[in-house]
Amino acid sequence: MTATAQPTDFIGMDEHWSPHNYHPLPVVIAEAEGAWVTDVHGRRYLDFLAGYSALNFGHRHPALVAAAVEQLGRVTLTSRAFHHDQFGLFCRELAELTGTEMVLAMNSGAEAVESAVKIARKWAYRVKGLAKDTAEIIVAGGNFHGRTTTIVSFSTDEVARADFGPFTPGFTVVEYGDAAALAAAITDRTAAVLVEPIQGEAGVVVPGADYLREVRRLCDENNVLFIADEIQSGLARTGSLFALDHAGVRADVYTLGKALGGGILPVSAVVGRRDVLGVLRPGEHGSTFGGNPLACAVGRAVVRLLATGEFQERSRVLGAHLHARLGELVGRGVSEVRGRGLWAGVELTTMAGRLASEALMERGVLCKETHDTTLRVAPPLVITEAEIDQGVAAIADVLASAR
Ligand SMILES: *Cc1c(COP(=O)(O)O)cnc(C)c1O
């Protein structure tokens, strides 16, 4: 703030002028760099959330900011009524990085999931041969795929659904991690199985080792598409490009978002097989901003960072350190630590998640609970080992004060 600035009630304005669809911590961020943010009073905090993985490369990564600034000086928006010189390059480079054949560019994660649902349904009618309007998509309990009306239709979170019906039909929910339940739920009408390889919002829930391989096998056996929602788990968060890579299997279709926009703007995509994505024809799907020049330029810079493998490696090595340190808290206010790479769900036993988040904020660490008792730890992948220690020490301190 400048010396002449008047004190401003930022939180009061948020509460007055915007619906209360979030319950943020009482911190007002004004600046950020790397793994650190600074509030309007000049106080610095370690970012232990990274925008739910949207900030995998940290705040304002120089290569990403440079790509955005360069593109701002050229052209930012054309609509898809015309071609532009970033689109094809983005699609080719993202397909090559992900080992897929086609890329559908969208904006938000929810839009990518909606797009995947539409593609799977059209594939089911035009390729698999299901009768019109009969296709079913199987999803998992505890899922989080976004907030649109169709997506909350197959959520199992009552808060996310309660007053938003009537719901979109065509979805079957089975228990996450239970391959036998999935096998029993597949019918002649099943078009696709849509799952998160690790469930983030549910509390960083990692399924059993064989589950994802079984999903792949069941999909192959029944001519069903495997759609992996890697919007939060993908793009280096778990120590590999995709969380699914750890199981040694490939999906037919992936949904990507969050980190794909480099923490700068919303960029999402559906990537996958040509015979699946290729079913779309002009007029059937689109978005005014999807695949815009600025998004593509930033997305291409994200792809370049991921192509080095540096961030996957950081997540793998530093993630092992994070999990070792968090593991020391088990029995000291923590019952379990789940996760993979620089991603952890810390199950609290002596303290509500919200209180822990607030107490961490007081100690200069920004973290957020998911549900009542889980702390979700997901620092930017640029964080250092010393900073991880600092954050974990703050968690230990908070838990010690609660006993
Ligand atoms: C965040 C998220 C979404 C939705 O992304 P938005 O950009 O918030 O619409 C979908 N799926 C998963 C797994 C997510 O974590």
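This is a predicted model: local features need pLDDT of at least 70, side-chain atom pairs count only at pLDDT 80 or more; totals for chains, interfaces and linings use all residues.
Which strand does strand E12 pair with, and over how many bridges? Hello everyone, let me start there. Strand E12, residues 344–348, pairs with strand E15, residues 374–377, in the antiparallel sense, and four bridges join them.

E12 and E15 belong to an open sheet of four strands, in the order E11-E12-E15-E14, with antiparallel pairing. Strand E11 (334–339) and strand E14 (368–370) each have a single partner strand, so one side of each is left without a neighbour in the sheet. From one strand to the next, the twist averages 30°. Packed on this sheet is helix H12, residues 310–327, which touches E11, E12 and E15. The direction of H12 makes about 170° with that of E11.

There is another four-stranded sheet to show you. This one is also open, with the order E1-E2-E3-E13, but here the pairing is mixed. At its edges are strand E1 (29–33) and strand E13 (365–366), each of which pairs on one side only. E1 and strand E2, residues 36–39, are antiparallel partners over four bridges. In E2, Val37 is the bridge partner of Ala32.

While we are in this part of the chain, have a look at Glu387. This residue lies in helix H14, which covers residues 385–402. Is Glu387 buried or exposed? Its relative accessibility is 16%, so Glu387 counts as buried, the cut-off for that being under 20%. As for what surrounds it, and leaving aside neighbours within four places in sequence, Glu387 is in contact with Ala35, Trp36, Leu46 and Phe48.

Let's step back to the whole chain. How is the chain divided? There is domain 1, made of 10–60 + 310–402, and domain 2, which is 74–307. Their C-alpha centres lie 27 Å apart. Across the boundary, 28 residues of domain 1 are in contact with 26 residues of domain 2. The area buried between the two domains is about 2300 Å², and carbon and sulfur atoms give 58% of that. On the domain 1 side, the residues that lose the most area to domain 2 are Phe57, Gln312 and Trp343, together 32% of what that side buries.

Finally, the nonpolar cores. The largest has 85 residues, and those touching the most other members are Phe90, Leu94, Phe226, Leu244, Leu260 and Ile395. Helix H11, residues 293–307, gives the most to this core, with nine residues.

Setting aside its neighbours within four places in sequence, Phe90 is in contact with Val103, Ala105, Leu260, Val267, Cys296, Gly299 and Arg300. A second, separate core has 29 residues, among them Leu104, Ala110, Phe154 and Ala192.

Notes. Residues are numbered from 1 along each chain as its sequence is written. Side-chain values use heavy atoms; hydrogens and water are left out. Two strands pair if DSSP finds at least two bridges between them. Helices (H or I, at least four residues) and strands (E, at least two) are DSSP runs, numbered from the N terminus. Axes are lines fitted to C-alpha atoms, for helices over the stretch in contact, and angles run from 0 to 180 degrees between N-to-C directions. Contact means heavy atoms within 4.5 Å. A nonpolar core is a set of buried Ala, Val, Leu, Ile, Met, Phe, Trp, Tyr and Cys residues joined through side-chain atoms within 4.5 Å. Buried means under 20% relative accessible area, exposed over 50%, partly exposed in between (1.4 Å probe, protein chains only). Domain bounds come from an automatic or database domain assignment. Buried area is the accessible area (1.4 Å probe) that two parts lose on being put together, summed over both.
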